Amino acid sequence: MGESKGRHELKHFINYADILQLRLRLPYVASIDKNAIDSKGYRVRSLYFDNYNDKVLREKIDGVNEREKFRLRLYNDDTSFIKLEKKSKKNGISYKESTRQPKLAAYLLKERWEGLPLNYKG
């Protein structure tokens, strides 16, 4: 998997008035993502993995300093580009590694999302 540099991920709650202001101001300082289908953006689907004891969930709730989680990520329902990602956190810094694993991803997703076209032949 390709490893990235660590980064701080800060998450903030915003109210509806803030959303409206951001929609007005952002076009002046940022461009639409090249992967967007239209001005509304793109669809992201994620399938997260955990064990029978909900280890990943419990570590998140308990604030465990060093933890990791795995997910499959799919954009715009395009099954030809599915990524397997490992996200980890250590001392408040987040890291992400990812690789394209279309055969594995298609197999794992088959039972998860009914109606999703999984005709990958790779």
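**View 1. Overall fold of the predicted protein chain.** This is a predicted model, in which local features need pLDDT of at least 70 and side-chain atom pairs count only at pLDDT 80 or more, while totals for chains, interfaces and linings use all residues. Residues are numbered from 1 along each chain as its sequence is written, and side-chain values use heavy atoms, with hydrogens and water left out. The protein chain contains three helices and five strands, where helices (H or I, at least four residues) and strands (E, at least two) are DSSP runs numbered from the N terminus. Read from the N terminus, the order of the elements is β-α-β-α-β-β-β-α. Of its 122 residues, 20% count as buried, a term that means under 20% relative accessible area, with exposed meaning over 50% and partly exposed lying in between (1.4 Å probe, protein chains only).

View 2. Ser94 counts as buried because its relative accessibility is 6%. When neighbours within four places in sequence are left aside, Ser94 is in contact (heavy atoms within 4.5 Å) with Lys5, Gly6, Arg7, Glu9, Ser88 and Lys89.

View 3. Strand 3 and strand 4 pair in the antiparallel sense over eight bridges, two strands being paired if DSSP finds at least two bridges between them; here Leu74 stands opposite Ile82 in strand 4. Strand 4 also pairs in the antiparallel sense with strand 5 (residues 93-100), over eight bridges, and Leu84 stands opposite Thr99 in strand 5.

View 4. Most residues other than glycine have a negative phi. Asp77 lies in the loop between strand 3 (67-75) and strand 4 (82-90); its phi is positive, at about 55°, and its relative accessible area of 31% makes it partly exposed. The hairpin of strand 3 and strand 4 has six residues between the strands, and in it Asn76 takes a positive phi near 50°. In the hairpin of strand 4 and strand 5, with two residues between the strands, Asn91 takes a positive phi near 55°.

**View 5. The largest pocket and its lining.** The largest pocket has a volume of about 320 Å³, and of the 15 residues that line it, the closest to its centre are Lys11, Lys60, Arg67, Lys69 and Lys87. A pocket is an open set of points on a 1 Å grid over the protein atoms alone, where a 1.4 Å probe fits, with protein on both sides within 12 Å along at least five of seven lines, and lining residues have an atom within 4 Å of a point. A volume is the space filled by probe spheres set on the points, which are joined across faces, edges and corners. Strand 3 supplies the largest share of this lining, four residues. By class, the lining has three nonpolar, two polar and 10 charged residues, where Ala, Val, Leu, Ile, Met, Phe, Trp, Tyr, Cys and Pro count as nonpolar, Asp, Glu, Lys and Arg as charged, and the others, Gly among them, as polar.
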